[in-house]
Each structure stands twice: as C-alpha cells, then as structure tokens.
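Subject: Structure handover

Hello,

Here is the structure we talked about, with the sequence alongside. My notes on what was found in it follow below.

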Amino acid sequence: MAKTILAVDDSGSLRQMVVFSLRAAGYQVTEAVDGQDGLEKAKGQIFDLVLTDQNMPRMDGLTLIRSLRGLPTYQKVPILMLTTESSDEMKSKGRAAGANGWLVKPFDPQRLTEVVKKVIG
C-alpha cells in the first residue's frame, strides 16, 4: 500500500508540481489549499507525512503544525515545511512548532522525492 502524503499550499501550480513529483515516485498525495483545509483533511485521515507551506491565507504553516501536534494521531507523523522562508529564525520557529525538516522553494523535484523517501521510505 502506497504511503500517503498531505500536500498543503495555497499555490495551485506549486501543489501540482509537488503532487506530480510525489505520485511519480509512488506516493498517494492529497491536496489542501491552506492550513485550515489541511487541518480538516488531517482530522479525517491519518497521513504518513505532511508537507506544508508557511505563508497561506486562513491558517499559516506554523499554526497548522502546532494544531497537528496537538492531535494525538499527529504527534509522531513527520511534517516537512516547503516554503520560500529560509531564515534561521523561521527554521527555528518551525522546529519549535514541531516541523521535522525544511525545504526551500523553488524546489528540485528529485531532491523533494529523495527527502520524502528518506523520511517515510
């Protein structure tokens, strides 16, 4: 059975690139248009990994991560940030919120797939 990934980003074109790359690598990917949508979808299904942007309407990535870590089912699920934010301060905030890794946009699809494989197999 394919591993499941929740891809959360308000950019439809970026989500399509993420989905295409990860599906080509054999993962089952569900899309969410922002943090609120991601949280609602995560409450309905336990994903093997969550990949989220930071800057989104309605709910940003850090708030999504904190909300997911507050759910018993997501305390140990890997969460990666995929964002334009690359400062050490933001990465520190991400780690404090519960993010397990950080990828900076624009991303290399092969690198994304390698990181995801390393994290969830």
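**Salt bridges**

Arginine 15 and glutamate 31 are joined through their side chains by a salt bridge, with 3.0 Å from N to O. This pair connects distant parts of the chain, since arginine 15 sits in helix 1 and glutamate 31 in strand 2, 16 residues apart. Arginine 15 has a relative accessibility of 12%, so it counts as buried. Glutamate 31, at 29%, is partly exposed. Please keep in mind that the model is predicted.

Arginine 58 also forms a salt bridge, with aspartate 34, and the closest N and O atoms are 2.8 Å apart. Again the pair links distant parts of the chain: arginine 58 lies in the loop between strand 3 and helix 3, and aspartate 34 in the loop between strand 2 and helix 2, 24 residues apart. Arginine 58 is exposed, with 62% relative accessibility. Aspartate 34 is buried, because its relative accessibility is 4% and buried means under 20%.

A further salt bridge joins aspartate 9 to lysine 105, where the closest N and O atoms are 2.8 Å apart. Aspartate 9 is in the loop between strand 1 and helix 1, lysine 105 is in the loop between strand 5 and helix 5, and 96 residues separate them. Both of these residues are buried. In total there are 6 salt bridges.

**Aspartate 53**

With a relative accessible area of 5%, aspartate 53 is buried. Beyond its neighbours within four places in sequence, it has contacts that include Val8, Asp10, Met81 and Thr83. The UniProt record, an unreviewed entry, annotates Asp53 as "modified residue: 4-aspartylphosphate".

**Nonpolar cores**

The largest nonpolar core holds 22 residues, and Leu6, Val8, Val50, Leu68 and Tyr74 have the most contacts inside it. Two or more residues each come from strand 1 (4–8), helix 2 (35–44), helix 3, strand 4 (79–83) and helix 4 (88–97). Helix 3 contributes the most, with 4 residues. Leucine 68 touches Leu39, Ala42, Val50, Tyr74, Gln75 and Ile79, leaving aside neighbours within four places in sequence. There is also a second, separate core of 18 residues, which includes Leu14, Leu82, Phe107 and Leu112.

**Helix 4**

Which residues of helix 4 are buried? They are Met90, Gly94 and Ala97. These residues lie on the same side of helix 4, because they cover an arc of only 65° around the axis. Asp88, Glu89, Arg95 and Ala96 are exposed on the other side. The buried residues of this helix pack against helix 3 and strand 5 (101–104). Just after helix 4 comes glycine 98, with a positive phi of about 125°.

**Threonine 30**

Threonine 30 is part of strand 2 (residues 28–32). Its relative accessibility is 22%, so threonine 30 counts as partly exposed. Its contacts, not counting residues up to four places away in sequence, are Ile5, Leu6, Ala7, Lys41, Gln45 and Phe47. From threonine 30 to arginine 95 the distance is 24 Å, C-alpha to C-alpha, and the two are 65 residues apart in sequence.

Regards

Technical notes
Residues are numbered from 1 along each chain as its sequence is written. This is a predicted model: local features need pLDDT of at least 70, side-chain atom pairs count only at pLDDT 80 or more; totals for chains, interfaces and linings use all residues. Side-chain values use heavy atoms; hydrogens and water are left out. UniProt positions are given in the numbering used here, feature names are shortened, and annotations may be inferred rather than shown by experiment. Buried means under 20% relative accessible area, exposed over 50%, partly exposed in between (1.4 Å probe, protein chains only). Contact means heavy atoms within 4.5 Å. A nonpolar core is a set of buried Ala, Val, Leu, Ile, Met, Phe, Trp, Tyr and Cys residues joined through side-chain atoms within 4.5 Å. The arc is that of the directions from the helix axis to the C-beta atoms. A salt bridge is a side-chain nitrogen of Lys or Arg within 4 Å of a carboxyl oxygen of Asp or Glu.
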